[in-house]
Amino acid sequence: MASYLLGISCYYHDSAAVLLEDGIVVGAVQEERFTRKKHDASFPARSISYLLRERGVTLREVRAVVYYEKPFLTFERLIETHLEASPFGLRSFLASMPTWMKEKLFLERLLKRELAQLGAGPVPELKFSEHHLSHASSAFFPSPFADAAVLCADGVGEWATTSAWRGQGADLTPLWEIHFPHSLGLFYSTLTAYLGFKVNSGEYKVMGLAPYGKPRFADRMLENLLQLNSDGSFALNLRYFAFTKELQMFSPALEDLFGRRARRPEELLEPFHMDVAASLQLVLERALIPLARELRRQTSATRLCLAGGVALNCVANSKLLLESGFEDLWIQPSAGDAGGALGAALAYYHLAEKGERRVCHGDAQKGSYLGPSFKAVEIESFLRKNNVPFQKLTQEDMLSETSRYLDEGKIIGWFQGRMEFGPRALGHRSILADARGAELQKTLNLKIKFRESFRPFAPVVLAEDAPEIFEFDRPSPYMLFVAAVRPELRVPLAPADRTKFGIDQLNVVRSTYPAITHVDYSARLQTVSRDRNPILAQLLEVYRQRTQSSVLVNTSFNVRGEPIVCTPEDAYRCFRRTEIDVLVLENFIVTKESLPPSNQSEDWRSEFELD
Amino acid sequence: MSLSWIRFRNRHLLTINFSLAAALVLYGIRRDFAWHLLLVVWLLLALRFERMAKFQQLLLVRVGRINSTLILTLFYFLFFAPYGLLYRCFFRKPAFQQRASTFEEKRKIGSFDRPF
């Protein structure tokens, strides 16, 4: 009989649940997808219920529930931080203590009560993994490597903000840590806040903004904010950071350092902000590369695994691949705290229960397609119930029709199979469009996603065609690397375009795929192969036959501030509210033309808090 | 727990507890029942009208917040901040000190059996 372990992360941000069957991940989902609240931190009740239901088991068959961090150690860090800051940290003390005293200190009891309230059987044993151990496990155990070094970097776990490990077979050995308050994640988040974006969600916007600017503040940051030590370690200069004693991330000294007050949310982005973003990105890379090199020197490993929120910075990942000395790199696609649920369960299985590890070809993450899927009968029933006119096609015809729509420049809402686990839409809950369209980036940003115009879009391409289009020689199935568009596909710039700066660069056509070519010719690449994502691979093949191109724009199926769609209902709602032209739900096609005009006012946008 | 009890608890228990506590406090202060009739009226209204019960709940939450803020502030300045001085002198975490390297060696992982 199969045995199950449940991993959970919750109560901070991005709560999630993961189910392992005999050490193999069979399901993983973030709570936000069900509750429709982005970064939802609540107990993942609906995720757990889904996982158990999908597998046809109850909590009786689950041997243990593993929580992704050790709350008492986090509390210890909090107390010591307040002691360090006293007597100047009263506001922060008053903000954090009540929640801890009421709930988080009694987390074991709280979790047991929540699990009991699911009504899914007796509550299993509760286990606790360390935060960075969870990250490290989520990076190493699903990776295709039998032997690798592991580097984790995030905001903060209990004490650790950065940690290094050695993974061999089914074992994971700790090497060193860097402790709070010295944190690359918090460094990046602080500057993200200074640039007027939300902490824990705006960091990827800063990464997208960086290529518009020049890194003219990098030296100033390295001289004042972040000290890089000769052994590869780093330290923050706390004079400029307020997160240890205030409710905000940066101190007034940071504004003085740059000679500008912090940008307020939604304020106009100026070249200054782009330069800060470019400098921040460069400094992050300069800090990460020596860390990785040091790890390479210590372990002599040739492969590196990455996890923690910082590992979602695909620009830095590509630099690591090129400059760290490691031959290969595998990054947990759900590298943030949601992935901690996966790592906690895997850590317990391999390290406490000594479960065997089978290294898989490719990896054991199953393309990260680990969430809910919907049968044709469920989709048809939904469409009929809502009187939605649709075409029900064979798969072959659906692919051919979708390809035709794409070639006509239509924007497709694409809903297939199991939902992705992690922050990226990898072709199961995606918006797809023709990458050759010059105006597409603007249309997608402003009329479909309702988000900032500067933000780039990612390409999805057939794995075998990728080297002909991008300067990248390996698969990138999880959209965690950037690659430059090949020089022969670039369009020579007109003299007037060469002098453009900042956001003015946005409308310049730079390659034969302008919709996915960022201002520095880079693209956040996703490669698709038939074994991982057969439907999308087939669509790209059909599209290639039609257009001689197998590159599409792939962006997440949601609007700004909304979690990625989960159900056909979510997908249909998003389709109705935006200017997506065609909705493809498995083999069902719904076109906007066949529907009466939507009578929804724009009030729905206030449903989602801007990210 | 039966559903009716959960409903009763969620809907009315706070109202009843509040009235009982207020009655005891009033008697303790005044040693008479002069204001208790008003309290009965308040109790009946809160039991009958949900908006009243909600208002009472919000009021108590606010009072509770003020109380906890006061207590925590006193605790912070009378005990916590003075101990902070000792902490910084004798028990300070190395991560808070100036060092040439911030690497902390880690040899083993903790037990999965406990939350610390």
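Buried means under 20% relative accessible area, exposed over 50% and partly exposed in between, using a 1.4 Å probe and protein chains only. Everything below comes from a predicted model, where local features need pLDDT of at least 70, side-chain atom pairs count only at pLDDT 80 or more, and totals for chains, interfaces and linings use all residues. As for bookkeeping, residues are numbered from 1 along each chain as its sequence is written, chains are lettered from A and ligands numbered from 1 in the order in which they are written, and side-chain values use heavy atoms, with hydrogens and water left out.

**View 1. Ser368(A) in the loop between H13 and H14 of chain A.**
At 0% relative accessibility, Ser368(A) counts as buried. Leaving aside residues up to four places away in sequence, Ser368(A) touches Pro333(A), Met419(A), Glu420(A), Phe421(A), Leu426(A) and Tyr478(A), where contact means heavy atoms within 4.5 Å. Helices here (H or I, at least four residues) and strands (E, at least two) are DSSP runs, numbered from the N terminus. Helix H14 of chain A covers 376–385.

**View 2. Helix H13 of chain A, residues 337–352.**
The 16 residues of H13(A) reach 21 Å from first C-alpha to last, close to the 22 Å expected at 1.5 Å a residue; the expected span is 1.5 Å times one less than the number of residues. H13(A) is mostly covered, with 15 of its 16 residues buried. After the helix comes Lys354(A), which has a positive phi near 55 degrees.

**View 3. Helices H3 and H4 of chain A, packed together.**
Two packed helices are described by the angle between their axes and the distance between those axes. For H3(A) (residues 71–85) and H4(A) (residues 90–102), that's an angle of about 160 degrees with the axes 11 Å apart. Axes are lines fitted to C-alpha atoms, for helices over the stretch in contact, and angles run from 0 to 180 degrees between N-to-C directions. H3(A) and H4(A) are therefore roughly antiparallel to each other; the cut-offs are under 35 degrees for roughly parallel, over 145 for roughly antiparallel, 65 to 115 for roughly perpendicular, and oblique for the rest. The H3(A)–H4(A) crossing is left-handed, that is, the near helix is turned anticlockwise from the far one by less than a right angle, with clockwise being right-handed. On the H3(A) side you'll find Pro71(A), Thr74(A), Phe75(A), Leu78(A), Ile79(A) and His82(A), and they meet Ser92(A), Phe93(A), Ser96(A), Met97(A) and Trp100(A) of H4(A). Sorted by type, the residues of this contact give seven nonpolar, four polar and no charged. Ala, Val, Leu, Ile, Met, Phe, Trp, Tyr, Cys and Pro count as nonpolar, Asp, Glu, Lys and Arg as charged, and the others, Gly among them, as polar.

**View 4. H3 of chain A crossing H3 of chain B.**
Helix H3(B) spans residues 50–91, and its axis comes within 8 Å of that of H3(A), crossing at roughly 90 degrees. The two helices are therefore roughly perpendicular to each other. H3(A) contributes Ile79(A), Glu80(A), His82(A), Leu83(A) and Glu84(A), while H3(B) brings Tyr76(B), Phe80(B), Tyr83(B), Gly84(B), Tyr87(B) and Arg88(B). This contact of H3(A) with H3(B) divides into six nonpolar, two polar and three charged residues.

Pro181(A) belongs to the loop between strand S8 (171–179) and helix H7 (184–194).

**View 5. Positive phi at His39(A) and Tyr521(A).**
His39(A) isn't a glycine, yet its phi is about 60 degrees. His39(A) is in the loop between H1 (32–35) and H2 (45–55) of chain A, and is partly exposed at 26% relative accessible area. Phi of Tyr521(A) is near 70 degrees; Tyr521(A) counts as buried at 16% relative accessibility.

**View 6. Leu291(A) in helix H11 of chain A.**
Leu291(A) is buried, with a relative accessible area of 0%. Its contacts beyond four places in sequence include Leu151(A), Trp176(A), Phe234(A) and, from chain B, Phe103(B).
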